[in-house]
Amino acid sequence: MGCATCGNFRTSSLLLPWRPSSRIPQSSFPSNIGLLKLRRSNLVKDNLVVRNAFGFDENGSFNGFPITPNKLFMQETIGAEYGEGFETFRPDGPLKVDVDFLNDRLQEGFLKRIRYAMKPDEAYGLIFSWDNVVADTRTLKLNAWKQLAYEEGKEISEDGDLQRLMLYAGADHVLHKFLRLWDESESELERLKFRFSELYFGNLLEIKEPMEGLKEWLDAVSTARIPCAVVSNLDRRNMVQALEQMGLKKYFQAIVTEEDGMESIAHRFLSAAVKLDRKPSKCVVFEDDPRGVTAAHNCTMMAVALIGSHPAYDLVQADLAVAGFNELSVINLRRLFANNGSTFMDLQKQIVEKSPPKRKLTIDTIF
């Protein structure tokens, strides 16, 4: 099961797999150094044109926002291991906000309790992770690596397991092991990382469709008047533009981005709960990564895991694991908070009790 899941990525129609331009066939890589230098100089000119077309300026910023390649490669901390939260500032001094504090201060008032008694679904808050939950960022990253390899005259294996390892490896490991760039200087490696970031954000601008079934699920929870938030380490401008291109911005009442200054995954979830005005214990996080599931539980939130980026056996800690949004319904949210034991979301077989056979009444007659 794990190998099949690793080899076959969950696909969506948001972005077609990258193909090299027909102007320079992928198989016709130059064999001598002179042609390679000429080709690189031409690619530099082409890159300048592409960067200007997408909004990159000569300083490496994107539409006025600096690109930070490290945030595409760094592994974020989970956070809230002991219920700790983040620190915010008020006129009377700093205020430390932790999980217990939010669960206590975000309690429903009298009028809200009456409303939620009549419409219990509105008491919940849904928090969606951006990566591989809202958008298929695996395809974006893989296409960016393929484009970078093509520019450098390298090829990336089509083996699904190797590509999966490449997506979750660090930038230096990918450049050395997969692109086999051993002899490059430190400045050249930094240039390649920065170029990868440019390609990734360029692909982000072309994204048109969300993950399969997400829009229908958001329609359902919007009808039930359940507020939603999306969290990411991207900057707000790129996030809002991507959501508008996919037609999803109207569904999210809160957005947590890099500008919010959250230091961990759990802190972003807590910030989303504050913006939704829902206590963390009433929030449901949609994640595809086991680290995100752990962060949700550290915040006393429920976790729904999407199988695809990771196999099902890596997501056993989630309260519910599904293959796609089309498997969900609003009643699943109610059952998540039913507290019926550890197996309350498992499929149950209906037991049909067989009625005992009817006894025939016999009358003994004595003559």
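**Entry 1: helices α12 and α13**

I began with helix α12 (residues 265-276) and helix α13 (residues 290-298), which in this predicted model pack at an angle of about 55 degrees with their axes 9 Å apart. For the axes I used lines fitted to C-alpha atoms, for helices over the stretch in contact, with angles running from 0 to 180 degrees between N-to-C directions. That angle makes α12 oblique to α13, given that angles under 35 degrees count as roughly parallel, over 145 as roughly antiparallel, 65 to 115 as roughly perpendicular and the rest as oblique. I noted that α12 passes α13 in a right-handed crossing (left-handed if the near helix is turned anticlockwise from the far one by less than a right angle, right-handed if clockwise). I then looked up the residues that meet, with contact taken as heavy atoms within 4.5 Å: I265, A266 and F269 in α12 meet R291, G292, A295 and A296 in α13. By class, this contact of α12 with α13 has five nonpolar, one polar and one charged residues (Ala, Val, Leu, Ile, Met, Phe, Trp, Tyr, Cys and Pro count as nonpolar, Asp, Glu, Lys and Arg as charged, and the others, Gly among them, as polar).

**Entry 2: ground rules and the whole chain**

I number residues from 1 along each chain as its sequence is written. Because the model is predicted, local features need pLDDT of at least 70 and side-chain atom pairs count only at pLDDT 80 or more, whereas totals for chains, interfaces and linings use all residues, and side-chain values use heavy atoms, with hydrogens and water left out.

I find 14 helices and 10 strands in the protein chain, where helices (H or I, at least four residues) and strands (E, at least two) are DSSP runs numbered from the N terminus. Buried residues make up 48% of the 367 residues, with buried meaning under 20% relative accessible area, exposed over 50% and partly exposed in between (1.4 Å probe, protein chains only). Among contacts between residues at least 6 apart in sequence, 71% join residues at least 24 apart.

**Entry 3: helices α6 and α7**

I next took α6 and α7, which pack at an angle of about 95 degrees with their axes 10 Å apart. That makes α6 roughly perpendicular to α7. The contact is made by R138, K141, L142, W145 and K146 of α6 together with Q163, M166, L167 and Y168 of α7, and these residues divide into five nonpolar, one polar and three charged.

Which residues of helix α7 (residues 160-168) are buried? I listed G160, Q163, R164, M166 and L167. Seen down the axis of α7, these buried residues fall within an arc of 160 degrees, so they line one face of the helix; the arc is that of the directions from the helix axis to the C-beta atoms.

I also checked T137, which is placed in helix α6 and is buried, with a relative accessible area of 2%. T137 touches W130, D131, N132 and Y200, not counting residues up to four places away in sequence. T137 and L167 are 30 residues apart in sequence and 9.8 Å apart in space, C-alpha to C-alpha.

**Entry 4: two residues with positive phi**

N132, one of the residues touched by T137, has a positive phi of about 60 degrees although it is not a glycine. I place N132 in the loop between β5 (125-129) and α6 (137-151), where N132 is buried at a relative accessible area of 6%.

R225 likewise has a phi near 60 degrees, a positive value in a residue other than glycine, and is found in the loop between α10 (214-223) and β6 (228-231). Is R225 buried or exposed? At 53% relative accessibility, R225 counts as exposed.

**Entry 5: helices α9 and α11**

The axes of helix α9 (residues 186-205) and helix α11 (residues 236-246) come within 9 Å and cross at roughly 35 degrees. Here F201, L204 and L205 in α9 meet N238, Q241, A242 and Q245 in α11, and by class I record four nonpolar, three polar and no charged residues.

V284 sits in strand β8 (residues 283-287) and is buried, with a relative accessible area of 0%. Not counting residues up to four places away in sequence, V284 touches G125, L126, I127, M302, V304, L333, L336 and F337. V284 and A303 are 19 residues apart in sequence and 5.6 Å apart in space, C-alpha to C-alpha.

A323 lies in the loop between β10 (320-322) and α14 (330-336) and, at 43% relative accessibility, counts as partly exposed. A323 and P311 are 12 residues apart in sequence and 10.0 Å apart in space, C-alpha to C-alpha.
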